[in-house]
Amino acid sequence: MEEIVTRQHYSEQEKNDIFNNEFLPHINSMYNFGFRLTLDRDDTKDLVQDTYLKAYRFVESFQKGTNAKAWLFRILKNSFINDYRKKTKEPSKVDYQEVETYYNSEDVNRQITPDLRVESLKDMIGDEISNALNSLDVDFRTVIILCDLEGFKYEEMAKILDIPIGTVRSRLHRARALLKEKLSEYAKTMGYKNTEL
Amino acid sequence: MTPPHNPFILADGKKPTCMEMLQLILDGEATAEQQHYFKVHMDKCMPCFKTYSLDATIKELLQDKCCKDVAPAELIEQIKLQISQNQAG
Ligand SMILES: [Zn+2]
């Protein structure tokens, strides 16, 4: 499944062209992704800077014209895991075995949050959505960012995260269920009476 | 009469759940055939119908309200500076 990385040979000029034309245009997406992972502005700057310096250093393992954004996201995600996640005391709370079991079980079709309504969502300002997203465990947050905000395909997500597509799908499913739970809590505190239709 | 072929059924013959189908549709991962099948299915399946509009709304909200930050100019300058210093050194 793993692709063989063929090293390219680029001149200094080509390296700079790739960096300026293929890498730098993604800086805003990278900055947002970094912030959603670290939830800290200073850490975000460091993380994004590290990512770009690594991207430049390893530019010869990038093939011109291929998906630069996915390639950069993968570097940022790995830097985050290796350099930043270690710093946090709390280990990941996600039990993936449990996620898989959940996804494959019969009650997947059961409505998890039947009380969340489209109308109450429409009245939410950005903060509730943003806070709900930030409250999720980082692994769940990540799949929502990649899929819903950045529009990556499952196959690209699998490569960025180094997980099988089936896991992308189940994690995404679980992440959305958790996000809906959060949003319905907000909807309740906003004073909506979410009675069944 | 045989029921219409379900294009979501995978090679292993496992029948997909509503939520599995819905997710592929929502994320733009479904084929044209699957989209057509789901459209017909959703007309008869209330949970799918309700969940679809809810999930699609959340997806839109996320796109509208989150991740609209612009990277600070000084960060971009800093990165460019570091690169040029590395080249020189
Ligand atoms: Zn259904």
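These questions and answers set computed values from a predicted model against the definitions they rest on.

In this predicted model, local features need pLDDT of at least 70 and side-chain atom pairs count only at pLDDT 80 or more, while totals for chains, interfaces and linings use all residues. Residues are numbered from 1 along each chain as its sequence is written, chains are lettered from A and ligands numbered from 1 in the order in which they are written, and side-chain values use heavy atoms, with hydrogens and water left out.

Q: Why is A:Glu150 called buried?
A: Buried means under 20% relative accessible area, exposed over 50%, and partly exposed in between (1.4 Å probe, protein chains only). A:Glu150 has 14% relative accessibility, so the residue counts as buried.

Q: What makes the pairing of the A:Glu150 and A:Lys69 side chains a polar contact?
A: A polar contact is a pair of N or O atoms within 3.5 Å; within protein, one must be able to donate a hydrogen and the other to accept it, and residues adjacent in sequence count only if both atoms are side-chain atoms. The side chains of A:Glu150 and A:Lys69 make such a contact at 2.7 Å. The side chain of A:Ser29 also makes one with that of A:Glu150, at 3.2 Å.

Q: Where does A:Glu150 lie?
A: A:Glu150 is in the loop between helix H8 (138-149) and helix H9 (154-161) of chain A. Helices (H or I, at least four residues) and strands (E, at least two) are DSSP runs, numbered from the N terminus.

Q: What makes A:Asp148 and A:Arg176 a salt bridge?
A: A salt bridge is a side-chain nitrogen of Lys or Arg within 4 Å of a carboxyl oxygen of Asp or Glu. The closest N and O atoms of A:Asp148 and A:Arg176 are 2.7 Å apart. A:Asp148 lies in helix H8 of chain A and A:Arg176 in helix H10 of chain A, so the pair ties together parts that are 28 residues apart in sequence.

Q: Are A:Asp148 and A:Arg176 buried or exposed?
A: A:Asp148 is buried, with a relative accessible area of 3%, and A:Arg176 counts as buried at 9%.

Q: Why are A:Glu119 and A:Arg117 called partly exposed?
A: A:Glu119 has a relative accessible area of 45% and A:Arg117 one of 25%. These two residues form a salt bridge, with their closest N and O atoms 3.0 Å apart.

Q: Which parts does the salt bridge of B:Asp55 and A:Lys180 join?
A: The side chains of B:Asp55 and A:Lys180 meet at 2.6 Å, N to O. B:Asp55 lies in helix H3 of chain B and A:Lys180 in helix H10 of chain A, so the pair joins two chains. Both residues are buried. Elsewhere, salt bridges that share partners join A:Asp148, A:Arg176, B:Asp27 and B:Lys59 into one network.

Q: How much area do chain A and chain B bury between them?
A: Buried area is the accessible area (1.4 Å probe) that two parts lose on being put together, summed over both. For chain A and chain B this is about 4100 Å², 62% of it on carbon and sulfur atoms. The count between these chains is five salt bridges.

Q: How do you know that the span of helix H3 of chain B is close to the expected one?
A: The expected span of a helix is 1.5 Å times one less than its number of residues. Helix H3 (residues 46-65) of chain B has 20 residues and reaches 29 Å from its first C-alpha to its last, close to the expected 28 Å.
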